[in-house]
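The sequence and the structure come before the discussion.

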Amino acid sequence: MRRLILEKSDKNKGSKFDSEKPSITLVPAEAINGIANALTYGARKYERYNFRKGIEHSRLLDAAMRHLLAILGGEDIDGESGNPHIHHAMASLAMYEWMRVNRPDLNDLYKYETKG
C-alpha cells in the first residue's frame, strides 16, 4: 500500500505531493529525443502508432538486439534511416515495454518450465 508523504509547505509556494513519483527530469533529453526520432522514422515508414496494433514481443527484442549488435560491431549509424543505432534500439525497447504492459497476449518469448 502506498502512503502519502506530507511535504513541508513553503508559505510562498504552492504544495505538490509528488515526492514518490518518478523524476522524469532524470532521463537525458538526448535519449528522449533519440527515441522520438526513431519512432518518427517508423511512423513515416509504416504509419503513426503502427506498433500499437500489436507486434510479437520477440520481434521487438530481436530488432533491439540487431541494433545493439551493430553498435558492438563498430557501426554507429543505421544505413537505412541515418539515425544512430542506439536510438532505434531504445525505441524498440520502448515499444516492447508498451507491448509487455498492454499486449501480454503477444508475448511469444520462451518460458522455462521446471519439472515437478
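The sections below go through the basis of the model, the helix contacts, the core and selected residues.

## Basis

The model is predicted, with local features needing pLDDT of at least 70 and side-chain atom pairs counting only at pLDDT 80 or more, while totals for chains, interfaces and linings use all residues. Residues are numbered from 1 along each chain as its sequence is written, and side-chain values use heavy atoms, with hydrogens and water left out.

Helices here are DSSP runs of H or I with at least four residues, numbered from the N terminus. Axes are lines fitted to C-alpha atoms, for helices over the stretch in contact, and angles between N-to-C directions run from 0 to 180 degrees. Contact means heavy atoms within 4.5 Å.

## Packing of α2 and α3

Helix α2 spans residues 57-72 and helix α3 spans residues 85-102; their axes are 8 Å apart, at an angle of about 160°. That angle makes α2 roughly antiparallel to α3 (angles over 145 degrees count as roughly antiparallel, under 35 as roughly parallel, 65 to 115 as roughly perpendicular and the rest as oblique). The crossing of α2 past α3 is left-handed, a term used if the near helix is turned anticlockwise from the far one by less than a right angle, with clockwise giving right-handed.

On the α2 side, the contact is made by His 57, Leu 60, Leu 61, Ala 63, Ala 64, His 67, Leu 68, Ala 70 and Ile 71. On the α3 side, the residues are His 85, Ile 86, His 88, Ala 89, Ser 92, Leu 93, Met 95, Tyr 96, Met 99 and Arg 100. By class, this contact of α2 with α3 holds 13 nonpolar, five polar and one charged residues (Ala, Val, Leu, Ile, Met, Phe, Trp, Tyr, Cys and Pro count as nonpolar, Asp, Glu, Lys and Arg as charged, and the others, Gly among them, as polar).

## Packing of α1 and α3

Helix α1, residues 29-45, also packs on α3: the two axes come within 8 Å and cross at roughly 80°. The pair α1 and α3 is therefore roughly perpendicular. Glu 30, Ala 31, Gly 34, Ile 35, Ala 38, Leu 39 and Tyr 41 of α1 meet His 87, His 88, Met 90, Ala 91, Ala 94 and Met 95 of α3. The residues of this contact of α1 with α3 divide into nine nonpolar, three polar and one charged.

His 87 of α3 has 16% relative accessibility and so counts as buried (buried means under 20% relative accessible area, exposed over 50%, partly exposed in between, with a 1.4 Å probe and protein chains only). Ala 36 of α1 is partly exposed, at 36% relative accessibility. Ala 36 and Ala 91 are 55 residues apart in sequence, and their C-alpha atoms are 7.6 Å apart in space.

In soluble globular proteins, nonpolar side chains tend to be buried together. The largest nonpolar core has seven residues: Phe 51, Ile 55, Leu 60, Met 95, Tyr 96, Met 99 and Leu 106. Its largest share, three residues, comes from α3. A nonpolar core is a set of buried Ala, Val, Leu, Ile, Met, Phe, Trp, Tyr and Cys residues joined through side-chain atoms within 4.5 Å.

Leaving aside neighbours within four places in sequence, Met 99 is in contact with Phe 51, Arg 52, Gly 54, Ile 55, His 57, Leu 60, Pro 104 and Leu 106. His 57, in α2, is buried with a relative accessible area of 0%. Not counting residues up to four places away in sequence, His 57 touches Tyr 96, Met 99, Arg 100, Arg 103, Pro 104, Leu 106, Asn 107, Asp 108 and Leu 109.

## Loop residues

Tyr 49, in the loop between α1 and α2, has a positive phi of about 65° although it is not a glycine. Its relative accessibility of 47% counts as partly exposed.

The loop between α2 and α3 holds Asn 83, which is buried at 15% relative accessibility. Asn 83 and Ala 38 are 45 residues apart in sequence and 7.0 Å apart in space, C-alpha to C-alpha. Beyond residues up to four places away in sequence, Asn 83 touches Asn 37, Ala 38, Tyr 41, Asp 76, Ile 77, Asp 78 and His 88. Gly 82 lies in the loop between α2 and α3 and is partly exposed at 46%.

Technical notes:
Helix = DSSP H or I, 4+ residues; strand = E, 2+ residues; numbered from the N terminus.
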